[in-house]
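This report describes aromatic contacts, charges over rings and strand pairing. The structure is shown first.

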Amino acid sequence: MISCCLRKYYQFLMKMVCTVYILTATIGTCESASNRCTSSSISSCNDCLYRGPECGWCFQEDFLVGTALHERCDLVSNLIKKGCISDFIESPLVKVVVNATSTSSQVTPRDVLLHLRPGSEVNFILEVHQLERYPVDMYYLVDVSASMQESLDKLKSVGFSLLQKMEEFSSDFRLGFGSFVDKPVSPYINVHPPKIANPCSDYDIQCRPAHGYIHVLSLTENITEFTRVVQQQRISGNMDTPEGGFDAMFQAAVCQSHIGWRKEAKHILLVMTDQPSHLALDSKLAGIVVPHDGNCHLVNNTYSETANMEHPTIGQLAEKLLQNSIYSIFAVEGQQYTWYEDLIPLLPGTVVGKLESKASNLKELVVDAYKKLLSEVELQVESLIKGVSVNVTAICPEGSTFPGLNKCRNVKPNEKVLFNIKVGMQECHGLGDEAYIFLKPFGFNETTKVRIQSQCSCRCGSPAAHAPGRCLDEVTPQDCENCKCNHMEKTKDDQLLRDCQADQMQPVCSGRGLCLCGKCLCDQSSLGRIYGKYCERDGFSCPYHQGLICGGHGQCISGKCECSSGWEGENCNCSVSTETCLTPDSQICSGRGKCVCGKCQCEDPRSSGQLCELCPTCESSCETNRKCVQCHLFNDFSETKTTQCNTTCSPLVHYVNHIFDSESETFKYCLYLTKEKCHYKFQMEPTFGEKQIQIFRYPECLTEQSYFPTFILFFILTVVIGVMAIGILKCIVMRENHVKGESPVEAYSLSTKKDYFPTANEKTITYRRDRPGEMHIHIHKMPLNDV
């Protein structure tokens, strides 16, 4: 118990600490923002915008005349409080605009426009929908060096079985084929002429010449043709261990028209080999120093620049695979599995599978790799821009969130993956008017284009004595309408004058300001502030209530109060709410008045009270509905005559078996008395906005009773009990006197004897016996004694 209390106390303390920390951080941020916008080193509008997204610049000519230039830069709310008209404040908004017209079945949204300022950040959600069945293009790229003979033989028979297996995942499956060995130059091959023609001459085997890459069969649905082409393939040979796999992969990725990659299909490049691939710098061993240019070089379906260009770098290959949405599956034999496994972090959308002897598991390897590729959704960010940061947080279907990670695994068909994209701008250097970022889920043929418009410059220049609010030279007049004319001169153009009028019947700037360049510059008043687009608003010419203009519940416009929602009246002092006029049964003013300014005004002259609830002469609901109830009772609750009675009653009538009493006036029941000394209960009840009468079916009757015998019985009992009480009392007294030795007569006389006090008009007679046989009576007056 103690440990539980201590734990709760600790949790409470932690919450308090966190709250204080958050409040401190918030205050610190606000103070930092305010200080950032009011630095004395600010000397121009552009400099002000660079300070932060919350800063604004006022280019109104008469704003804080005589003060330092940096006073024009501040928080927008502070500038307005200081008297700068909002139309003259330069503070571009930071916002996200999503193009809703661009539709997609897999990636949403497709087009996003971001308006960013230095120091600002925005967020938006990217949704990726994994479909259940896709068209599939699978291109076999096979190492045909001599060591791959058994794997090549297996491939000749796997075409039809693989097609049947892939039909479970795709109804539109195509296959293609290409082969590679190595660059046909020394030291990769034997350049002796007989060896060039037949690299396998030492083994009495006829081989084909070595080649960098040959495209053999474009993607096709004809599996028979695929099988025929594979069966025609012969092995070749080279001298060193690594092969030219990356050269061939690069050409297969960039030569899309030759291969026949379809835009709507999933692209899979299946590479079968038993050796690692040459890397870019390996070409220097052959004297090849020209970097790869990243283009397609197929001439008659053969890679023509294999002896002239270096192998592509891993970065170049990864870029082209991503750009063309190509998954890679490495089916590797022998001990080279680890070498290709290390490439997975470097080549997105890559799976490595180990081929068993004679490629006996080729079909299962391909299917398992395809399922694994589809179960992973990875987002790639392209075209990173200097000064702009992009952070991706994956929100996977099961609800888990991975900040900083751009991938979800174990995604099932028809499930959606969300990515929270946070884009921030640190600086404007190197950014033009518009820059681009591309968000591409790997393996998908749809891309989201993010356009960034940097808000780094002002439309208007800094005010100067000779030309306040002048336009910058590089800004067109159409983009600078607020400062395109000299604000020192009063507007004379009719069109600009009309821009300063609320309508043609109103004076320019409501007669309380000057029209400068089509904008109203309101007069200054000692009574208060004059503001508004047409100087139609002020803070002093409207009615007051309790010391507040418009009761504190509205705005003063053209001398009249415009009340806020929920208030009305000349000075906005009346609430439109009727809660204070509701009775306990939710009637407004008991149904006898209306609610005005939160108080009941009784419309029935007979009613009174705060809620018009007092009405001694009003007819109650019981009396009002008595005739209706009587109709039903006289017809003995006949169902056939219920309709007839209902036509004579305003409310509907129902017969019930239970009626519950309530403190509410609306739900109290009424009694209808009959000649048989019985009564029926009935009750008014509002149902669905309509009143209904509910009559209790069974009467309650009073039976005849004789009260006289009951009275006699209670009287006799009272007398008997009284006599018994007196007798018991006498017995108690006699017993007490007997204990003291007194006779019963004496005890009785003593108990009844009272103290005697003479009065002034009484005489005392004394009997005296002086001698035996004589008795004298003396009568004398006694003096009065105060009692």
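## Burial of the ring residues

Tryptophan 339 is partly exposed because its relative accessibility is 29%, where buried means under 20% relative accessible area, exposed means over 50%, and partly exposed lies in between (1.4 Å probe, protein chains only). Tyrosine 340, at 3% relative accessibility, counts as buried. Phenylalanine 246 is also buried, with a relative accessible area of 1%.

The model is predicted, so local features need pLDDT of at least 70 and side-chain atom pairs count only at pLDDT 80 or more, while totals for chains, interfaces and linings use all residues. Residues are numbered from 1 along each chain as its sequence is written, and side-chain values use heavy atoms, with hydrogens and water left out.

## Aromatic pairs

A pair of aromatic rings is described by the distance of the centres and the angle of the planes. Rings of Phe, Tyr and Trp (its six-membered ring) pair if their centres lie within 6.5 Å; planes under 30 degrees apart count as stacked, over 60 as edge-to-face and the rest as tilted. By this rule there are nine aromatic pairs. Phenylalanine 246 and tryptophan 339 form a tilted pair, because their planes stand at 35 degrees, with the ring centres 6.3 Å apart. This pair links distant parts of the chain, 93 residues apart: phenylalanine 246 belongs to helix H7 (residues 245-254) and tryptophan 339 to helix H10 (residues 337-341). Helices (H or I, at least four residues) and strands (E, at least two) are DSSP runs, numbered from the N terminus.

Tryptophan 339 also pairs with tyrosine 340, edge-to-face, at 4.9 Å centre to centre and 75 degrees between the planes. Ring pairs join Phe246, Phe330, Trp339 and Tyr340 into a cluster.

## Charges over rings

A charge sits over a ring if NZ of Lys or CZ of Arg is within 6 Å of the ring centre and within 35 degrees of the ring normal. Lysine 266 lies over the face of tyrosine 134, 4.4 Å from the ring centre. Lysine 354 is placed over the face of tyrosine 337, at 5.0 Å from the ring centre.

## Strand pairing

Two strands pair if DSSP finds at least two bridges between them. An open sheet of three strands runs in the order S2-S1-S3 with antiparallel pairing. Strands S2 (73-75) and S3 (89-90) are at the edges with a single partner strand each, so one side of each lacks a neighbour in the sheet. Strand S1 (residues 55-58) is joined to S3 by two bridges, and tryptophan 57 has glutamate 90 in S3 as its bridge partner.

Strand S17 (residues 388-395) pairs antiparallel with strand S20 (residues 416-425) over eight bridges.
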